[in-house]
Structure formats: structure tokens, C-alpha cells
Amino acid sequence: MVETINDRVQTIIDTQFDGNKSAFAKAVGLSVAGMSSYLGKQRRSKFSVDMVTKIVTTLNVDARWLLTGESATSKVHTEGDYSPASDSGDVSVIVSDAVLAERVRLLEQIIREKDERIKEYKERIEELKHK
């Protein structure tokens with residue numbers, strides 16, 4: 001079976017969000033209902049360019065891998081003597097402070113929401129104990 005972009009997004013959800021589709025949807029600004037059109041068994045819509053861009057920039061995902069399944073570190077054929085990497089030998093991606101700050105903000109928001117859920121569950125447990 002050929003792996004699709006939808007499968008790779010599911011991999012991101014499983015690895016970065018412990019399988020929590022809602023947390024992923026919130027992180028990339030997508031409604032939970034919208035997620036079902038991409039990852040549901042019935043309809044597997046293709047991701048828009050805007051959504052792919054949001055996933056790549058927000059979650060620091062390798063765009064080449066997301067789109068094709070190939071790693072960005074795969075060998076790339078270059079013609080001639082010049083390669084952009086030959087100047088410094090460094091081809092690492094530099095993530096801007098703004099992107100990192102946004103990621104931190106999103107992670108803090110997820111933590112706050114989880115803390116709130118834990119608090120609600122504890123209160124509910126206490127209510128059930130006293131019944």
C-alpha cells in the first residue's frame with residue numbers, strides 16, 4: 001500500500017501529539033470536524049497548500065517528507081560544480097524566533113488545557129466519592 005500525505009499527517013499526530021487529533025487540529029488552526037475530512041476512513045480529502053504550509057511552519061515538519069515521503073537528507077543531484085551547501089557545508093534549517101515563540105505559545109496552551117481537564121476530572125472524582 002502506498003503511503004499518502006494523509007498517512008504522514010497521521011504519523012505527525014501519533015508522534016508529536018500522542019495520537020490526539022484535537023490537539024493537532026488546534027495547533028494548526030483546523031477545526032476538529034475539518035480533521036475528519038482529512039483523516040476519516042470515509043473521506044480522505046487532500047490537504048490544501050495553505051494547510052501543508054501551516055503544518056510545515058507551525059510544527060517544523062520536513063516539507064519534502066510531508067509531500068513525498070522522502071527525507072530532505074536524501075541525495076540531491078546537482079549539475080555543475082556549485083552546490084549551495086558547499087559554501088559552508090551546513091544545510092541545517094534555521095527556525096526564526098517568531099516561529100519558536102509561536103510553538104512555545106501553542107504548547108503552553110495545550111498544557112493549560114490539559115491542566116484544566118485534570119482539575120475537572122479531580123473535581124468530578126471528588127463528587128462521585130461523596131455520593
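**Exercise 1. Work out how exposed Lys26 is, then find its salt-bridge partner.**

Start with Lys26: its relative accessibility is 40%, so Lys26 counts as partly exposed. On this scale, buried means under 20% relative accessible area, exposed means over 50%, and partly exposed is what falls in between (1.4 Å probe, protein chains only). Before going on, note that this is a predicted model: local features need pLDDT of at least 70, side-chain atom pairs count only at pLDDT 80 or more, and totals for chains, interfaces and linings use all residues. Residues are numbered from 1 along each chain as its sequence is written, and side-chain values use heavy atoms, with hydrogens and water left out.

Next, the partner. Lys26 makes a salt bridge with Glu113, and the closest N and O atoms are 2.3 Å apart. Glu113 sits in helix H6 (residues 97-129) and Lys26 in helix H2 (residues 21-28), so this pair ties together parts 87 residues apart in sequence. Helices here are DSSP runs (H or I, at least four residues), numbered from the N terminus. Glu113 is partly exposed too, at 25% relative accessibility.

**Exercise 2. How many salt bridges does the whole structure hold, and how exposed are the partners in Glu3–Arg8 and Arg64–Glu70?**

First, the rule: a side-chain nitrogen of Lys or Arg has to lie within 4 Å of a carboxyl oxygen of Asp or Glu. Searching the whole structure turns up five salt bridges.

Now take Glu3 and Arg8, whose side chains meet at 3.4 Å, N to O. Glu3 is partly exposed at 41%, whereas Arg8 is buried at 4%.

Then Arg64 and Glu70: their closest N and O atoms are 3.1 Å apart. Arg64 is partly exposed, with a relative accessible area of 31%, and Glu70 is partly exposed at 39%.

**Exercise 3. Find the aromatic pair and describe its geometry.**

Rings of Phe, Tyr and Trp (its six-membered ring) pair if their centres lie within 6.5 Å; planes under 30 degrees apart are stacked, over 60 edge-to-face, and the rest tilted. That rule gives one aromatic pair. Phe17 and Phe24 form it, edge-to-face, at 5.8 Å centre to centre with 80° between the planes. Phe17 is buried at 10% relative accessibility, and Phe24 is buried at 0%.

**Exercise 4. Is Thr58 buried or exposed, and what does it touch?**

Thr58 lies in helix H4 and is buried, with a relative accessible area of 10%. Not counting residues up to four places away in sequence, Thr58 touches Ala27, Arg103 and Leu106.

Key: Helix = DSSP H or I, 4+ residues; strand = E, 2+ residues; numbered from the N terminus. Contact = heavy atoms within 4.5 Å.
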